[in-house]
Amino acid sequence: MDAARRAGDEQAARWKGRAGHAWGDLKGVLDEMFRPFEELLVDAVAAEQARQVLEVGCGTGGITLAVARRLGPAGRCVGIDISEPMISTAREYAEQEAVPASFICDDAQDHAFDPGTFDAVISRFGVMFFRDSVRAFANLRRAARDEAALRFVVWRDPSENPFMTTAQRAAAPLLPELPVPRPDEPGQFAFADPDKVRRILTESGWAAIDIRPVDVVCTLPEKELVRYFTRLGALGMYLPEVDEKTRARVVETVRAAFDPFVHGSEVRFTAACWTVGARASTAKFS
């Protein structure tokens, strides 16, 4: 089994288990923290006057629901995610809010979408985890109509996102077995290289590729910070396996490392990302 496939399988297991439950538990915090990206993608859909929208890696469904509300009864928004816990949360919120959005629990890389269905495909931090990115985006191209819009947001380099790497860096001396992510494997920063992103999209049937940097200030309540870093990321996945004494030391050390981002009752950081746009090519593609 090659490294990318092994990493992809590990990601799938993570999202179906502990990580998926953590994102569900922290839905409100994360939705608010990443609200600027929700607004960016909802506005992009509106500008396209899209009516049939697919969100890839929809997680707990915040953006899918926001798009469905913007589209109204004349439109349709579908979210797909591999995580059963997160899809369950998304469906619960859709039912509670009476929003006509629908959700699919499956891998967008392989799901049998009806061909030529969607006139917009969007994602917020949901496309970096595929085992085979070219295959995945080719499948999304088949699901899209000719000239359909593709718009997604991904993280730039880890060096530009110190907030996102603080927990791992601070905990590493205390947890030598903490997994270290590789940039060439599926994961948070897998799309940091814009040339790689451009190649993937070109090879999978997308054209008019436009990749631009965007820097967005994100916030979360300071009172949620410990819950945030002890539940999410590599540290969140590994911490439940350690003894209580070690856990206490790690939490104290990591919390102190976040001090530069704490401003009174608020945690504030800049998310350094790429916004990627493209069109479903009209060239013959199969």
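View 1. R255 is buried, with a relative accessible area of 19%. Buried means under 20% relative accessible area, exposed over 50%, and partly exposed in between (1.4 Å probe, protein chains only). This is a predicted model, in which local features need pLDDT of at least 70, side-chain atom pairs count only at pLDDT 80 or more, and totals for chains, interfaces and linings use all residues. Residues are numbered from 1 along each chain as its sequence is written, and side-chain values use heavy atoms, with hydrogens and water left out. The side chain of R255 forms a salt bridge with that of E222 (3.1 Å, N to O). A salt bridge here is a side-chain nitrogen of Lys or Arg within 4 Å of a carboxyl oxygen of Asp or Glu. E222 lies in the loop between β6 (206-221) and α10 (225-231), and R255 in helix α12 (residues 244-257), so the pair ties together parts that are 33 residues apart in sequence. Helices (H or I, at least four residues) and strands (E, at least two) are DSSP runs, numbered from the N terminus. E222 is partly exposed, at 26% relative accessible area.

View 2. The structure holds 21 salt bridges.

**View 3. R35 and E38 in helix α4.** A salt bridge links the side chains of R35 and E38 (2.9 Å, N to O). The two sit three residues apart in helix α4 (residues 35-48), so about one helical turn separates them. R35 is partly exposed, at 23% relative accessibility. E38 is buried, at 9%.

**View 4. R199 and E203 in helix α9.** The side chains of R199 and E203 pair in a salt bridge (3.5 Å, N to O). They are four residues apart in helix α9 (residues 194-203), hence separated by about one helical turn. R199 is partly exposed, with 41% relative accessibility. E203 is also partly exposed, at 45%.

**View 5. The largest nonpolar core.** This core has 97 residues. A nonpolar core is a set of buried Ala, Val, Leu, Ile, Met, Phe, Trp, Tyr and Cys residues joined through side-chain atoms within 4.5 Å. F137, F152, F191, L201 and Y228 have the most contacts inside the core. Strand β8 (residues 266-280) supplies its largest share, eight residues.

**View 6. Around F152.** Contact means heavy atoms within 4.5 Å. Not counting residues up to four places away in sequence, F152 touches S123, V127, F137, F191, V197, L201, W274, T275 and V276.
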